[in-house]
Amino acid sequence: MKFSVEKLVHGSCRLGLIREAGKNKSVTIETPFCLLYTRAGSVPNLSIDTLSYVQGLPPIAMMPLNLLAEHHESVEEYQKGLAGFTAMKDFLVYCSLQDPSTPVPSGYNEKSNIALWTRGGKTKVDPELFIKVQEAFKADWIQCMGDADTSKQSSKKRSRKAVDSSLIFLDELLQKRKTSKILQNAAIFGSVEGGFSVFDRNRSARETAARGVDGFVIEGFQNDGKDFCQFEDESFTDVLSSTLKHLPEDKPRLMNAVWRPDAIMQAIRAGIDIFDTSYAFVTTGKGNALVFSYDYEKLSVKPSDDGDLCLQASSLTSECGYSINLNDSRFREDFSPILEGCLCYTCKTYSRAYVNHLLNTTELQAGVLLMIHNLQHYLGFFSAVRQALREEKFHLLESLINRQRAVSLER
Ligand SMILES: [Zn+2]
């Protein structure tokens, strides 16, 4: 895998290009982009056929290890890796450690292993088992084991330990890679840890970079699976910005979290390149539909007149400001599509009233139709982000996204 920053906007927003992204396929990916989030090896609510209804899918699926690790022997016997096992052979696979949409219980990582919460409960994974699992899974991108069980409340000693054990895990994986044909072909993403300790974060970034990994996963801020924006916490922004200064420019930086659109914009400003679509899944699970606007061209035409923008934002009703809750009885006789102008399969075929009916009768199809819309809308947002960076209009998109959030908070 090769990465280069093609254009730097506002000093820190990176429009980048990943070349030769897969071990067997020559895939090029423009960044910032989001990985296709899966749970237990499947995009939630969608079969591989219904997934094909979604336009603009990314070429790489994210498969968290926690719900898959205990099946590694079956996958090994099948011999076609996770992509073959899950019938997602048209996608590259990134194997992450944890699932960003699921809170990870704290206090269970040890010096020589980390805890994964599988269907059967806690499973301790040490480097030996981790390597065995990864050789069975044959992922294109692998997140190395890391101790991310740190938060703002963690002591300096705890943050230091998280960095130390993560570096040992990385050394063991890189050592094994020298003799493993499967691992040699995979891109290794080192886990940058250290909680909120600037000293340990910087040490983790420098030491991980010195080991020659292909990319970085920045975690350990206690991303606990809620819609959130850690950028509302100033100390988070300071620690992240300091950390990124110690990472090389020519390697991609990944942060997996259920992030609202305004947080995505701030993370891109900080210099993050890769995200995931778990926000679309979490939104769907609440019966919500994404309706925020990313059409920043409207602002560029009339920069001083935000009438259109206010009009759009005034129709938003959920607490996060970017979606509507289709469980609400006021949609019972609303025969318009979820989002006027949306070209997704759901909006072209069904009405808000019908999805409201499906939700109220707990029909599984409600999740299918909502997921198709939410996924396509979220991917469309990332496409707008890249376009805005290319056209040097990122600030306009940022203003549009932030304004919608602000308007919803004012009400
Ligand atoms: Zn739609």
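Colleague: Where is Ala366 found?

Modeller: Ala366 sits in helix H15. Helices (H or I, at least four residues) and strands (E, at least two) are DSSP runs, numbered from the N terminus.

Colleague: What sort of model is this?

Modeller: This is a predicted model, where local features need pLDDT of at least 70 and side-chain atom pairs count only at pLDDT 80 or more, while totals for chains, interfaces and linings use all residues. Residues are numbered from 1 along each chain as its sequence is written, and side-chain values use heavy atoms, with hydrogens and water left out.

Colleague: Back to Ala366. Buried or exposed?

Modeller: Buried, with a relative accessible area of 3%. Buried means under 20% relative accessible area, exposed means over 50%, and partly exposed is in between (1.4 Å probe, protein chains only).

Colleague: What is Ala366 in contact with?

Modeller: Leaving aside its neighbours within four places in sequence, Ala366 is in contact with Leu358 and Leu359. Contact means heavy atoms within 4.5 Å. Ser351 is 15 residues from Ala366 in sequence and 12 Å away in space, C-alpha to C-alpha.

Colleague: New topic. Where does UniProt place the "binding site"?

Modeller: The unreviewed UniProt entry places it at Cys342, Cys344, Cys347 and His373. These residues are spread over 32 residues of sequence, yet they cluster in space, with a largest C-alpha distance of 8.4 Å. One caution: UniProt positions use the numbering used here, feature names are shortened, and annotations may be inferred rather than shown by experiment.

Colleague: Which of these residues does the lining of the largest pocket include?

Modeller: Cys342. On a 1 Å grid over the protein atoms alone, a pocket is an open set of points where a 1.4 Å probe fits, with protein on both sides within 12 Å along at least five of seven lines; lining residues have an atom within 4 Å of a point.

Colleague: And where does Cys344 lie?

Modeller: Cys344 is in the loop between strand E15 (323-325) and helix H13 (345-349). Cys344 is buried, at 0% relative accessible area. Beyond its neighbours within four places in sequence, Cys344 is in contact with His373 and Gln376.

Colleague: What about the place of Cys347?

Modeller: Cys347 is in helix H13. Cys347 also counts as buried, at 7% relative accessibility. With neighbours within four places in sequence left aside, its contacts include Cys342 and His373.

Colleague: How many disulfides does the count come to?

Modeller: The count is 0. A disulfide here is a pair of cysteine sulfur atoms within 2.5 Å. Take Cys34: its nearest cysteine sulfur, that of Cys342, is 15 Å away. Cys34 is buried, with a relative accessible area of 2%.

Colleague: OK, domains. Which does the assignment give?

Modeller: Domain 1 (2-280) and domain 2 (288-410). Domain bounds come from an automatic or database domain assignment. Their C-alpha centres lie 28 Å apart. The contact takes 38 residues from domain 1 and 28 residues from domain 2.

Colleague: How many residues has the largest nonpolar core?

Modeller: It has 109, and Trp141 and Trp259 have the most contacts inside it. A nonpolar core is a set of buried Ala, Val, Leu, Ile, Met, Phe, Trp, Tyr and Cys residues joined through side-chain atoms within 4.5 Å. Helix H15 (residues 364-390) gives the largest share, 12 residues.

Colleague: Why does this core lie between domain 1 and domain 2?

Modeller: Because both domains give residues to it. Another core, of 17 residues, lies apart from it, and Cys342 and Tyr350 are among its members.
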